[in-house]
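Hi there,

Here is the structure I promised to pass on to you. Please have a look at it first, and then read my notes below.

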Amino acid sequence: MKQLNKRIGIIGAGVSGMTAGHMLRDTHEVVVYEWNDAPGGLIRCKDVDGNLFHQCGGHVFNTKNEVVRTWFENKFELDKEFIHVERNSVIAYDELRIPYPIENYLYYLPIPMQQHILSELLHKDETIRPKNFEEFLKQQFGDTLYEFYFKPYNQKIWRADLSSISLEWLAGKLPNPSVAEILLSNINHTHEKSFVHSSFWYPKHGGSQFLANRLAEGLDLRYNSHIERIHQADGGGWIINNELYGAVFFCGNIKQLPSLLPLGVLTDSEVDRIRALAYHGTTTVLCEIENNPYTWIYLPKSDYRCHRIICTGNLSPANNATGKRTATVEFTDYTSKEEIVENLFLVPFAPKYITHVYNEYTYPIQTADTREFISHLKNKLRAYGIYLSGRFADWEYYNMDVAMSAAMKQCEIFLSERV
Ligand SMILES: Cc1cc2nc3c(=O)[nH]c(=O)nc-3n(C[C@H](O)[C@H](O)[C@H](O)COP(=O)(O)OP(=O)(O)OC[C@H]3O[C@@H](n4cnc5c(N)ncnc54)[C@H](O)[C@@H]3O)c2cc1C
């Protein structure tokens, strides 16, 4: 057995925990504990009568981060194992099908609405400094586009008054085109290529479970292991499930820390702040759907509660049972089967319910001081040999590639401090 300081226990076999596992396994003996019976966390998929069901959303991969790209390309044969898909997403509102992002396609809207939007864009007051999400969207796109699309769509996702959402949290994730750019895109019918998912890689078989299964290869993974507590060993290090480790990578949910860690590690005020962290869940519904050419369909209309259709059946033909075309439909937070079915009845492309799953934790919500608090906690726990990484350990709204990059950075810190 390697020395104590060469043994690392990782909690959580999502993208973050498995990335960390690979980063550390050349120099350390690594064991990854996973609550579930399969790897992947949020990216898990299941087969339902020959249809692939993404258990959360419908995951696609791309990255602008060169380090992550190179690492990913070492693990996968992109050309052989993946389909390269061009994004083709629309906003569906009654009979309108407006390509995404809506501000580049104002010419799809009724003329009087276009006139209002243009007038607001051309007369906007650049001196206003928006203080919250609502003010930002109004300032950026004007009241008409805000009321038609941004407000109802975002209210469905966040289920909150948009004026209560802080801008710090959304920094770097908000559309920020200038009026000149919007006008040029509309005049030239330009297609947006700057999003990370303007085009993306999607596995030929198995959806994102294929990614998870490959990332699990080569790791010592202990499934069905729900780690409820870890203990400090007398001679130093940490005990997880009766095994001794020099350090712990926690890639689960920060909300679990108060019960996972021994008493006294966290102060009462830290526990209170962890408990106060807000979040949303997602109900993901597998449906059969009308044939259509889209990747994502956004649903701003407030008559029904779901906000997005991910046309997973269009991403790979292998995702559909013979003769079927499937998709997942997303609702924010818990939604009962009765409510789902009532809503689907009103949705364009006639989605027919097959099955659904609810994930309690999908979207972490930050307030102005969340990042500072998490950073404080990460620094404090590092001194105990506990490293936090992941969407819900960092309480960050990461995509897979950003979760990978964050895990890599945390491993670099660990290796520089402990080797
Ligand atoms: C609706 C939705 C759609 C998305 N779409 C995309 C997309 O298309 N492309 C993209 O790049 N990203 C997408 N993302 C983001 C992506 O899902 C995440 O960035 C990524 O999956 C986060 O991985 P993670 O390992 O940090 O966390 P998780 O996936 O949450 O993994 C945590 C793991 O830890 C395990 N665990 C937790 N506690 C314990 C414990 N005590 N003991 C043992 N195991 C434990 C859990 O079971 C889980 O397996 C989407 C996210 C959502 C919510």
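**Around the ligand**

Of the 36 residues around the ligand, the nearest are Gly12, Gly14, Gly41, Gly57 and Gly252; a residue is near a molecule if its C-beta atom, placed from the backbone, lies within 6 Å of it. Helix H1 (15–24) and helix H14 (400–418) are the elements that give two or more residues to this shell. Helices (H or I, at least four residues) and strands (E, at least two) are DSSP runs, numbered from the N terminus. By type, the shell has 16 nonpolar, 17 polar and three charged residues. Here Ala, Val, Leu, Ile, Met, Phe, Trp, Tyr, Cys and Pro count as nonpolar, Asp, Glu, Lys and Arg as charged, and the others, Gly among them, as polar.

Two things to keep in mind as you read. This is a predicted model, so local features need pLDDT of at least 70 and side-chain atom pairs count only at pLDDT 80 or more, while totals for chains, interfaces and linings use all residues. Residues are numbered from 1 along each chain as its sequence is written.

**Helix H1 and what covers it**

How many residues of H1 are buried? The count is 10 of its 10 residues, where buried means that 20 or more other C-beta atoms lie within 10 Å of the residue's own, exposed means 12 or fewer, and partly exposed is in between, with C-beta atoms placed from the backbone. Among the buried residues are Val15, Met18, His22 and Leu24. Their cover includes strand S1 (7–11), S2, helix H8 (207–216), strand S13 (247–250) and H14. Contact here is between residues whose C-beta atoms, placed from the backbone, lie within 7 Å.

**The sheets**

S1, S2 and S13 also belong to an open, parallel sheet of five strands, in the order S9-S2-S1-S13-S19. Two strands pair if DSSP finds at least two bridges between them. Strand S9 (220–222) and strand S19 (386–388) are at the edges with a single partner strand each, so one side of each has no neighbour in the sheet. On average, neighbouring strands of this sheet are turned by 20° against each other, direction ignored; the axes are lines fitted to C-alpha atoms, for helices over the stretch in contact, and angles run from 0 to 180 degrees between N-to-C directions. Three bridges link strand S2 (residues 29–33) to S9 in the parallel sense, and tyrosine 33 stands opposite arginine 222 in S9.

An open sheet of three strands has antiparallel pairing and the order S10-S11-S12. Strand S10 (231–232) and strand S12 (243–245) are its edges, each with a single partner strand, so one side of each is left without a neighbour in the sheet. S10 and strand S11 (residues 238–240) run antiparallel and are joined by two bridges; glutamine 232 has tryptophan 238 in S11 as its bridge partner. In the loop between S11 and S12 you will find asparagine 241, which has a positive phi of about 45° although it is not a glycine. Asparagine 241 is partly exposed because 14 other C-beta atoms lie within 10 Å.

Strand S6 (residues 90–93) and strand S7 (residues 96–99) pair antiparallel over four bridges, with alanine 92 opposite arginine 97 in S7. S6 and S7 make a hairpin with two residues between them, and aspartate 94 in the turn has a positive phi of about 50°.

**Loops worth a look**

Most residues other than glycine have a negative phi, and most peptide bonds are trans. Aspartate 49, in the loop between strand S3 (45–48) and strand S4 (51–54), has a positive phi of about 50°. Aspartate 49 counts as exposed because it has 10 C-beta neighbours inside 10 Å. Tyrosine 100 and proline 101 are joined by a cis peptide bond, with omega about 5°. Histidine 226, in the loop between S9 and S10, and glutamate 34 are 192 residues apart in sequence and 6.5 Å apart in space, C-alpha to C-alpha.

**The domains**

The domain assignment, which is automatic or from a database, gives domain 1 (4–42 + 66–73 + 207–277 + 366–418) and domain 2 (101–188). Their centres, taken over C-alpha atoms, are separated by 37 Å. Four residues from domain 1 and four residues from domain 2 make the contact.

Happy exploring!

Note on methods: Contact = placed C-beta atoms within 7 Å.
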